[in-house]
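Please look through the sequence and the model below before reading on. The report after them is meant to be read with both in view.

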Amino acid sequence: MSQPNTTGNSWLGLVWAHLEKDLRIEWRSWQALTSMLFYALLVVVLFSIAFDPTADVSRQISGGVLCVATMFASVSLLNQAWTREIRHQVMDALRMTPSDGAALFLAKVLANFLFVCIVQIVLGPIFFIFYNLHPLGDAWLLLLVIPLGTWALVANGTFFAAISIRSRNRDLLLPLILFPIFLPALLAMVLSVKTILTGDGSDPHLLWIKMLAGYDIIFMTVSLLLFDTVLQAE
Amino acid sequence: MKKLLIWVSVLGTLGLMGWGYYQAMYAAPTEATMGDVQRIFYYHVPNAMLAFLFFAISFVASIVYLATRRGRPSMAQAADAWALAGAEVGVVFCTVVLITGPLWGRPVWGIWWTWDARLTTTLVLWLIYVSYLLLRKFAAGPQMQTLAAVLAIFGAMDVPIVYMANRWWRTQHPAPVFGGGDDSGIKDPHMLAAFGWNVLAWACWGLLILAFRVYVERRQQRIQSEAADAALAAD
């Protein structure tokens, strides 16, 4: 039982209430995390076996493999995130509460971001071992690029999952509308990871990282502004 | 009277397109370094400009839809028809851009396609609007119209990225012909004339198709609302 907190009805309090609920559901079921983790691991293994890359080649391609593995794995998570709310009409209940849709959205994004980050933290070492990676550039920049790219994926994905669950074939539609919008961020993420791993200095001004950050800010702002419209669409 | 007007505009547009074809293929002089293949430019660039115009129409109509859907439903329905028509015609024009580009690129660059910023973002734009049309196919009713309008706004945010792409990053795509600096602009008056006529002809053609598409969609809406009313009355 959580204590009634002092923030009460404030906006951040709402975000925390939603977030706490999502985290507790996941803590009790481990459904999303285990399926996502195993799926991402499979993608990494499959790519490694299919291409059998040498050290040089793997530096070139591993950024892409990591992003694509995360992307596919996240889609299963994002679909579940809202499907869970449809059962027992939780969505309708949420719609009827006077609280702000943006708070719900932000909480969902934070929860999903956390799950995907956990998967990446577990997967990262395995990834480095399988692909014999040895970054030649500034490895610490990865700590900036990967969360930024993950945020772009998860924020947009959570938003579009809320759209696609309203359609007839919901699980199919999410990747179809998410991937085109996510492509600029994927491009920026893959290119900056490649630059870091190969250390070729092709991006001295970190343009791609800046673009990724800009993409995050723009799309997150629009998502927060428009989420109420999506939630209340009837 | 209405029929006459339609026929005049259809014939006028076809005439303009014929004239534009003559201008591009025969009247404009052959370009010095690239030769005849440069004439694709008279189709590629007008189509790209108009694709942006139609996506802009779709974007504005989507905003109007979201703003009016509660207060003025009839206006919102009209806006939704414009949004759908704009996206559909825009996708067609964008497809022409994506086809004529490689046709030009193969002889001039020696490759059909390269993943540089301008090309990639145009392709992304095309993909986004195709996904918009898919969403409209997969969901139904006023709920779908709202969701599609939201997606259209997301798609439109990609347009400035596309437009700025070859200004921000060094790309293989030719520098912008208009507004790209002191050296930009077409110098030869015959080339400029051919270009202008083609912009006009394709704009008329696109707007004509757009108007037809909006008309059809409005009829579709009327049929659906009448069917809904009839179903209610039958109960």
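## About the model

This is a predicted model, in which local features need pLDDT of at least 70 and side-chain atom pairs count only at pLDDT 80 or more, while totals for chains, interfaces and linings use all residues. Residues are numbered from 1 along each chain as its sequence is written, and chains are lettered from A and ligands numbered from 1 in the order in which they are written.

## Where chains A and B meet

Chain A and chain B each bring 20 residues to the contact (two residues are in contact if their C-beta atoms, placed from the backbone, lie within 7 Å). On the side of chain A that touches chain B, helix 7 (170–198) and helix 8 (207–232) are the elements that give two or more residues, and helix 7 of chain A gives the most, with 8 residues. Helices here are DSSP runs of H or I with at least four residues, numbered from the N terminus.

## Helix 3 of chain A

Helix 3 of chain A covers residues 55–86, and because its 32 residues should span 46 Å at 1.5 Å a residue, the 46 Å between its end C-alpha atoms agrees with expectation (the expected span is 1.5 Å times one less than the number of residues). Just after helix 3 of chain A, His88(A) takes a positive phi of about 60°.

## Helix 1 of chain B

Helix 1 of chain B, residues 2–27, reaches 35 Å from its first C-alpha to its last, close to the 38 Å expected for its 26 residues. Thr13(B), Gly20(B), Gln23(B) and Ala24(B) in this helix are buried, that is, 20 or more other C-beta atoms, placed from the backbone, lie within 10 Å of their own. What covers the buried residues of helix 1 includes helix 2 (41–68) and helix 6 (189–234) of chain B.

Definitions and conventions
A residue is buried if 20 or more other C-beta atoms lie within 10 Å of its own, exposed if 12 or fewer, and partly exposed in between; C-beta atoms are placed from the backbone.
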